[in-house]
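I opened the notebook to record what I looked up in this structure. The entries follow the order in which I checked things.

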Amino acid sequence: MSHWIRQWEELDATEPVLARAEGVRLRPLGPDDAPVLAAWADDPLFCDEAGWARDLDPGLRRERWAALLAAPPADLLRLAAVVKGEVVGYIDLHGSEAGRRELGYLVGGRERFGKGLGTAMARQGLDHAFGVLGLDEVWAEAADANPASVRILQRIGMTETGRGSDTWHLDRRTFHRQFAITRAQWENRGVS
């Protein structure tokens, strides 16, 4: 069992840090989630938006997700984002640097795009990073050509810190914009 899952299981589920932002709650991903995650890739336009390969056989996609969920990399904490019992995406806290992780998020199913779920999920990711894991800083990046993701990072209080590596988004050459937020900034958000 990964150290992240053990840490999750030791939590009291009533802790306020696990509050549900805008109806979204986080929980560990399990084997039953693999078919749900794999099915999102049935939509080629979703694959394009997510940067996923379009041409994987559905059975192979399910196998790959099942393998990843059964044995995640040691430096990756991936949690399901759930609304009314349905998995609507996931967040990642990735990295091995002491006190610091990269936040990632993915809204699952293109029909859910543009409904505020990405912002709610990213907020939950920061709550978990600072309140549960006790991190000192979280960073993230978004493609400049993906203004929705850039706006999410700005909405949750992250500060742009610089330009990252070149990348592609929807067949367009672009670059990553990097953002960060510290525990102190997160704790003082909205306080003037």
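Which strands does H6 lie across, and at what angle does it run to E5? I found that H6 lies across E4, E5 and E7 and runs at about 155 degrees to E5. Axes here are lines fitted to C-alpha atoms, for helices over the stretch in contact, and angles run from 0 to 180 degrees between N-to-C directions. Helices (H or I, at least four residues) and strands (E, at least two) are DSSP runs, numbered from the N terminus.

Entry on the source. I noted that this is a predicted model, in which local features need pLDDT of at least 70 and side-chain atom pairs count only at pLDDT 80 or more, while totals for chains, interfaces and linings use all residues. Residues are numbered from 1 along each chain as its sequence is written, and side-chain values use heavy atoms, with hydrogens and water left out.

Entry on the whole chain. I counted 7 helices and 7 strands. Along the sequence they follow the pattern α-β-α-α-α-β-β-β-α-β-α-β-β-α. Of the chain's 192 residues, 43% count as buried, where buried means under 20% relative accessible area, exposed over 50% and partly exposed in between (1.4 Å probe, protein chains only).

Entry on the sheet. I traced an open sheet of 7 strands in the order E1-E2-E3-E4-E5-E7-E6, with mixed pairing. Two strands pair if DSSP finds at least two bridges between them. The edge strands, E1 (25-28) and E6 (159-169), each pair on one side only. Neighbouring strands are turned by 30 degrees against each other on average, direction ignored.

Entry on the strand pairs. E1 and E2 pair in the antiparallel sense over 4 bridges, and Pro28 stands opposite Leu79 in E2. E2 and E3 are also antiparallel, over 8 bridges, with Leu76 opposite His94 in E3. Their hairpin has 2 residues between the strands, and there Lys84 takes a positive phi near 50 degrees. I also checked burial in E2: 7 of its 8 residues are buried, so E2 is largely enclosed by the rest of the structure. E4 and E5, by contrast, run parallel and are joined by 3 bridges; Glu102 stands opposite Trp139 in E5.

Entry on the cores. A nonpolar core is a set of buried Ala, Val, Leu, Ile, Met, Phe, Trp, Tyr and Cys residues joined through side-chain atoms within 4.5 Å. The largest has 32 residues, and those with the most contacts inside it include Leu103, Met121, Leu126 and Val138. H5 gives the largest share of this core, 8 residues. Leaving aside neighbours within four places in sequence, Leu126 is in contact (heavy atoms within 4.5 Å) with Leu103, Gly131, Val138, Ile156, Ile181 and Trp186. I noted a second, separate core of 13 residues, which includes Phe46, Trp65, Leu69 and Tyr90.

Entry on H5. Is H5 largely enclosed or open? I found 14 of its 16 residues buried, so H5 is largely enclosed by the rest of the structure. Gly134 follows H5 and has a positive phi, near 70 degrees.

Entry on Leu135. Leu135 lies in the loop between H5 and E5. Its relative accessible area is 4%, so Leu135 counts as buried. Leu135 and Arg100 are 35 residues apart in sequence and 5.8 Å apart in space, C-alpha to C-alpha. Not counting residues up to four places away in sequence, Leu135 touches Gly99, Arg100, Arg101, Ala129, Phe130 and Arg183.
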